Every structure is written in C-alpha cells, then in structure tokens.
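Reader: Could you take me through this structure step by step? I am new to reading such models.

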Amino acid sequence: MATTKAAATTRHRELGLSDDEVLAMYRAMLLARAVDERMWLMQRAGKIAFIISGQGHEGAQVGTSWAMRRGQDWMAPFYRSIAATMTFGMSAEDIITAHLAKGDDVSSGGRQMPGHYGGAPYNIVSVSSPVGTQVLHAVGIAMAAWVRGDDVVAITFYGEGTSNQGEIHEAMNFAGVHKLPVIFVCENNGYAISVPLAKQVGGLSVAARAVGYGMPGVTVDGSDVLACFGAAREAHARARAGEGPTLIEAKVVRLTSHSSDDDQRRYRDPSEVEGLKEHDPLPRFADQLRQLGILTDPIEERLRAEVKAEVNEASRRAEARPDPEPETAAGGVYAAETR
Ligand SMILES: Cc1ncc(C[n+]2csc(CCOP(=O)(O)OP(=O)(O)O)c2C)c(N)n1
Ligand SMILES: [Mg+2]
C-alpha cells in the first residue's frame with residue numbers, strides 16, 4: 001500500500017494540484033451528483049418536465065473542465081454537462097432554475113428544454129437540441145480567437161454516438177487544418193440511447209480517428225479524474241502554444257437510463273447495470289483521496305452536509321423564482337422580436 005500511496009501522492013502534485021484543489025474537485029463532483037439526484041426527484045414530483053443525467057460522467061467533466069480558465073476560455077457543452085458547466089461557473093441554483101424553466105433563468109429565461117445549459121456570464125454557449133452542433137460552435141469560437149489574436153481556448157463535449165455525425169468530422173478536420181485552439185472531449189459511455197458502441201462506431205475507438213483529422217487523439221479512463229485533468233491540461237497548453245486541437249476520448253459509464261423518458265431495463269442486462277458501479281468516479285476518487293489522508297470521515301461528513309445544504313437552498317430559491325411572462329414565448333425565435 002505504501003507504494004500506491006507514494007505513487008498517488010506524486011500524481012496529483014506532479015500535475016500541479018494541491019491537496020486543497022483535489023479536495024475541491026471531489027466536492028465539485030459531489031455537488032454535481034447531488035444536483036442531478038435532486039432533479040430526478042423533482043422530475044418524479046412533476047416539477048421538472050425532463051431530466052437527462054450526468055451521473056457517471058462527473059470525473060471526466062470535472063477533470064477536463066478544471067484545466068480551463070474560467071471567465072477567459074469558452075465552453076460548448078452538451079445535455080449531460082451538469083458537472084462541466086458547474087466547474088465553469090454555473091451554480092446549483094442556475095442549473096435547477098433552468099430545469100424549472102423560470103423567467104430569469106440564465107440559460108434562456110425559461111425558454112430552452114431542460115439540459116440545454118448556457119450562460120453568457122460564464123462564456124458557456126447554449127446547447128442546441130440536434131446533437132453535435134455545439135462542436136461546430138466551439139470550432140467557430142476557436143477560429144474567432146485565432147483571427148483576433150485572443151488568448152482563448154474553446155472546449156466542447158459530446159457523446160460517442162454524436163461523434164458519427166457528419167458535421168463532427170467537418171469541424172474536426174477544419175480545426176486540424178487551421179490548428180485551432182480547441183479541445184474536443186468525447187464522453188464515451190458505450191450507448192447512444194439504446195444503441196451500443198459496436199453498432200455506432202466502426203473501429204470502436206473515437207480517439208483513433210484523430211490522426212485523420214490531423215490532431216493527437218488520447219483515450220483516458222473517464223472515471224479517473226486526475227487522468228482527465230492531465231489530458232486536458234496538456235491539450236490546453238498545446239492549444240495556447242499554437243499547436244492546434246486535441247481529441248480526448250473519456251471512457252465513462254452512464255449510471256442512469258438515457259433520460260427520464262427512457263427505461264434502460266429494456267435493453268441493458270441488470271448485471272451490466274450493477275457492474276457499472278465499480279466505475280463510478282465518485283467512490284473511486286474518494287478512495288484515492290482517503291489513501292492519501294486528504295479525505296477523512298469528518299471531512300467527508302462536512303462536505304456532504306455542505307453539499308446537501310447548498311442543494312436544498314438552491315432548490316428553494318429556484319422554486320421561488322417567477323415563471324416567464326406568456327408574451328415572451330416567441331422571444332428569440334423570430335428576428336423581428338429581438339429588435
Ligand atoms: C441530430 C440528432 N439526431 C438524433 C437526436 C436524438 N438523440 C438525442 S441524444 C441521442 C443519443 C446520443 O448519444 P451519444 O452521443 O453517445 O451521447 P449520450 O447520450 O450517450 O451521452 C440521440 C440519438 C438528436 N437530438 N439530434
Ligand atoms: Mg453515448
């Protein structure tokens with residue numbers, strides 16, 4: 001065990017992370033999971049129309065987003081990006097408010113579907129429903145930064161099913177040709193709703209395609225937060241140095257059904273679902289931090305109590321916010337309305 005401890009100690013320090021920072025990363029994951037779980041309850045209680053969960057993806061999201069500069073870089077997320085958008089600045093209250101479609105929600109004033117995160121104050125571009133469009137947006141942002149000479153890196157997230165869409169290949173090839181400062185994070189959870197990986201990705205590897213786009217492709221264990229951080233930190237440095245984009249494929253697990261409208265028992269064996277728990281990034285990170293003595297029982301208790309209080313307060317405040325005015329329903333849809 002001593003060797004493991006020594007190796008683990010060097011690992012986060014070698015990545016430039018302090019003990020406090022890795023604990024903050026763990027807290028961020030706990031908070032994202034707690035917000036996610038609370039929203040399932042709110043959906044079941046009829047308060048939220050629909051929830052599409054990030055449970056199982058938190059390690060990849062917190063790890064990669066942690067390498068970005070909040071308020072300077074840009075993020076183009078997807079519908080599972082609860083932990084990523086929260087790491088980039090959105091609060092528990094922002095996320096819950098958006099799901100409740102309240103009138104002053106930062107993402108869209110209550111006019112987007114649940115899971116369509118965004119926030120101008122946070123440099124987070126709004127999610128669009130057709131999967132993969134956000135990848136083009138990230139490349140456009142990186143292109144604009146390059147043209148203007150701004151020190152900006154764009155990061156975008158999407159699933160492995162989405163990685164087969166035509167515009168993904170166009171976006172990546174364009175970014176590769178022009179060496180744009182963009183990081184592509186594919187959260188490969190092995191399913192596109194009910195369709196398993198073998199029926200979506202011919203070569204079974206998303207990262208292997210990177211060579212054809214003219215960029216490095218890295219495969220990481222998405223349940224290993226530090227591995228994800230390390231890959232993103234390197235990709236960020238490469239982007240800033242003018243060396244172009246990176247494709248990171250994070251192998252993650254989808255711990256829930258695709259969404260609250262789906263029932264994975266119809267296409268996933270119960271033993272498979274049970275086996276996913278060992279890849280849950282939360283207990284895995286907790287174990288690593290415990291081995292180092294960074295996480296102890298009293299610290300874990302304190303963190304869980306803080307997170308619970310934060311989610312309670314966020315839900316209370318979000319529920320008390322006003323609904324949108326009916327006459328704003330078509331706002332942002334027709335050009336004439338925006339004048
Ligand atoms: C262009 C387009 N096609 C189909 C859909 C319906 N759809 C929504 S999510 C999804 C699955 C995407 O799977 P993946 O990219 O692996 O992401 P995951 O949900 O597994 O995280 C599909 C097919 C859509 N929203 N947009
Ligand atoms: Mg998938």
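Predicted model: local features only at pLDDT ≥ 70, side-chain atom pairs only at ≥ 80, totals over all residues.

Reader: Thanks. How many residues of helix H5 are buried?

Author: Helix H5, residues 92–99, is mostly covered, with 8 of its 8 residues buried. Helices are DSSP runs of H or I with at least four residues, strands are runs of E with at least two, and both are numbered from the N terminus. A residue is buried if 20 or more other C-beta atoms lie within 10 Å of its own, exposed if 12 or fewer, and partly exposed in between, with C-beta atoms placed from the backbone.

Reader: Which residues are those, and what do they pack against?

Author: The buried residues are Ala92, Glu93, Asp94, Ile95, Ile96, Thr97, Ala98 and His99. They pack against helix H2 (19–44), helix H4 (82–87) and helix H12 (297–320). Contact here requires the C-beta atoms of two residues, placed from the backbone, to lie within 7 Å.

Reader: At what angle do H5 and H12 cross?

Author: The axes of H5 and H12 cross at roughly 40° and come within 8 Å. Axes are lines fitted to C-alpha atoms, for helices over the stretch in contact, and angles run from 0 to 180 degrees between N-to-C directions. H5 and H12 are therefore oblique to each other. Angles under 35 degrees count as roughly parallel, over 145 as roughly antiparallel, 65 to 115 as roughly perpendicular and the rest as oblique.

Reader: Is that crossing left-handed or right-handed? And which residues make the contact?

Author: The crossing of H5 and H12 is right-handed. A crossing has that hand if the near helix is turned clockwise from the far one by less than a right angle, and is left-handed if anticlockwise. On the H5 side the contact is made by Ala92, Glu93, Ile96 and Thr97, and on the H12 side by Glu310, Val311, Ala314, Ser315, Arg317 and Ala318. These residues divide into 5 nonpolar, 2 polar and 3 charged. Ala, Val, Leu, Ile, Met, Phe, Trp, Tyr, Cys and Pro count as nonpolar, Asp, Glu, Lys and Arg as charged, and the others, Gly among them, as polar.

Reader: Now H2. How far apart are the axes of H2 and H3?

Author: The axes of H2 and H3 (residues 58–65) are 10 Å apart, and the two helices pack at an angle of about 135°. H2 and H3 are therefore oblique to each other, and their crossing is right-handed. Met25, Ala28, Met29, Ala32 and Arg33 in H2 meet Glu58, Gly59 and Val62 in H3. That contact has 5 nonpolar, 1 polar and 2 charged residues. H3 is mostly covered, as 8 of its 8 residues are buried.

Reader: Where is Tyr26 found, and what does it touch?

Author: Tyr26 is found in helix H2. Tyr26 is buried, with 24 other C-beta atoms within 10 Å. Not counting residues up to four places away in sequence, Tyr26 touches Phe285, Ala286, Leu289 and Leu295.

Reader: Changing topic: which residues are the closest to ligand 1?

Author: The closest are Pro130, Gly159, Gly161, Thr162 and Ala192, among 15 residues that surround ligand 1. A residue is near a molecule if its C-beta atom, placed from the backbone, lies within 6 Å of it. Strand S2 (154–159) and strand S4 (191–192) each supply at least two residues of this shell. By class, the shell has 6 nonpolar, 6 polar and 3 charged residues.

Reader: Last one. What is the phi of Asn123, and is Asn123 buried or exposed?

Author: Asn123 has a phi near 60°, a positive value in a residue other than glycine. Asn123 lies in the loop between H5 and H6 and is buried, with 20 other C-beta atoms within 10 Å. Gln112 also lies in the loop between H5 and helix H6 (133–148). With 19 C-beta neighbours inside 10 Å, Gln112 counts as partly exposed.

Definitions and conventions
Residues numbered from 1 in each chain as written. Chains lettered and ligands numbered in written order.
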